[in-house]
Amino acid sequence: MELWYTEEHTENVRFSIKVDRQLYSNQSEFQRIDVFESREFGTFFTLDGLMMVTEKDEFIYHDMIVHVAMATNPKIKNVLVIGAGDGGTVRELTRYDSIENIDMVEIDKLVVEVCKEYLPQTACKLEDPRVNLFFEDGLKFVRTKENAYDLVIVDSTDPFGPGEGLFTKEFYGNCYKALKDDGILVNQHESPYYEDYAQNMGRAHKRIKEFFPVCRVYQAHIPTYPSGHWLFGFASKKYDPLVDLNEQAWNDLGLKTQYYNTEIHKGCFALPTYVKELLASATD
Ligand code: SAM
């Protein structure tokens with residue numbers, strides 16, 4: 001007998017991974033959570049049937065969502081992370097001794113509990129003394145913050161279900177307000193390739209651009225996400241990730257990474273022409 005996990009990337013495209021067994025399945029207050037074991041990607045978990053994290057390729061996503069901003073401004077001390085229940089983003093942030101405080105706001109406590117049990121590879125640093133966990137809606141949490149953070153990372157699900165509010169103008173405006181004068185916002189920015197994802201990408205870009213003077217998009221190759229071509233947003237009040245990249249300072253830290261390096265940093269902002277055109281013509 002063969003067992004396969006299948007995700008619909010579009011109505012006409014399916015992506016499947018052969019699984020050895022299902023380790024967990026439950027419905028939380030917010031979403032369905034499943035954990036599988038597979039030969040190719042190791043343990044992986046899904047929310048409402050959509051891929052979140054696999055042991056084999058999570059390093060790409062977590063390197064790229066953290067290190068680009070950290071290499072642009074090595075003085076980042078106070079960070080807000082929204083979503084990110086698997087802990088991978090926090091794990092990468094805790095590698096910087098210079099970071100003093102990380103507030104992580106995850107709506108679904110069960111995601112964190114499940115990841116602590118089944119995905120210690122990503123959840124291993126959630127007990128770091130600099131990390132404060134808040135189990136709340138990120139949309140509401142940022143409403144009350146002003147001039148507080150050097151970096152806000154939005155590591156969310158897609159813009160439907162609990163994640164919907166994290167792609168709204170209200171949310172981006174409040175992130176702007178929550179950031180200090182030289183603050184940076186990094187967000188998972190969907191994919192440019194399939195139409196539905198591309199629409200989400202364009203809408204997010206258009207909305208973020210309304211608030212931030214610096215607003216760029218960068219890319220990575222993530223095999224288990226739809227089309228494998230994934231984007232991140234870099235928005236900031238002051239720093240440009242290409243002009244202000246502090247290559248020497250980041251390399252002097254001696255952090256060992258599997259995907260990110262300062263060459264990738266410079267290259268990842270070079271986007272294919274069709275993606276540039278989609279971003280330029282994006283409508284709300
Ligand atoms: N790397 C993943 C991806 O892009 O597929 C995202 C990882 S992380 C698991 C996303 C988390 O965002 C989920 O655990 C989900 O519960 C959380 N989330 C969704 N909406 C949220 C909200 N409004 N406030 C806080 N967390 C939220």
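Predicted model: local features only at pLDDT ≥ 70, side-chain atom pairs only at ≥ 80, totals over all residues.

Which residue does the UniProt annotation "active site" cover? I found that the unreviewed entry puts this annotation on Asp 155. UniProt positions follow the numbering used here, feature names are shortened, and annotations may be inferred rather than shown by experiment.

Residues are numbered from 1 along each chain as its sequence is written, and side-chain values use heavy atoms, with hydrogens and water left out.

**Entry: Asp 155**

I located Asp 155 in strand S9, residues 149–155. Helices (H or I, at least four residues) and strands (E, at least two) are DSSP runs, numbered from the N terminus. Is Asp 155 buried or exposed? Asp 155 counts as buried because its relative accessibility is 7%. Buried means under 20% relative accessible area, exposed over 50%, and partly exposed in between, using a 1.4 Å probe and protein chains only. I then listed contacts, meaning heavy atoms within 4.5 Å. Beyond its neighbours within four places in sequence, Asp 155 contacts Tyr 61, His 62, Ile 65, Ile 82, Gly 83, Ala 84 and Thr 89.

**Entry: binding-site annotation**

I looked up the "binding site" annotation next. The unreviewed UniProt entry gives it to His 62, Asp 86, Asp 155, Ser 156, Thr 157 and Asp 158. From this set, His 62, Asp 86, Asp 155, Ser 156, Thr 157 and Asp 158 belong to the lining of the largest cavity. A cavity is a set of points, on a 1 Å grid over the protein atoms alone, where a 1.4 Å probe fits but cannot get out; lining residues have an atom within 4 Å of a point.

I checked two of these residues. Asp 86 sits in the loop between strand S6 (78–83) and helix H2 (88–93). Asp 86 is buried, at a relative accessible area of 7%. Leaving out neighbours within four places in sequence, its contacts include His 62, Val 111 and Cys 115. Thr 157 is in the loop between S9 and helix H6 (169–178). Thr 157 counts as buried at 18% relative accessibility. Not counting residues up to four places away in sequence, Thr 157 touches Leu 47, Met 52, Gly 163, Phe 167 and Gln 188.

**Entry: the ligand**

Which of the 25 residues around the ligand come nearest? I noted Gln 31, Glu 106, Asp 137, Gly 138 and Tyr 225. Here a residue is near if one of its heavy atoms lies within 4 Å of the molecule. A ligand oxygen is 2.9 Å from a side-chain N or O atom of Gln 31. For Glu 106, an oxygen atom of the ligand is 2.5 Å from a side-chain N or O atom. Asp 137 has a polar side-chain atom 2.8 Å from a ligand nitrogen.

**Entry: Arg 207**

I found Arg 207 in helix H7, residues 195–209. Arg 207 is buried, with a relative accessible area of 18%. Its side chain makes a polar contact with the side chain of Asp 284 at 2.7 Å. A polar contact is a pair of N or O atoms within 3.5 Å; within protein, one must be able to donate a hydrogen and the other to accept it, and residues adjacent in sequence count only if both atoms are side-chain atoms.

Definitions and conventions:
1 Å grid on protein atoms, 1.4 Å probe; cavity = no way out; pocket = protein on both sides within 12 Å on 5 of 7 lines; lining within 4 Å.
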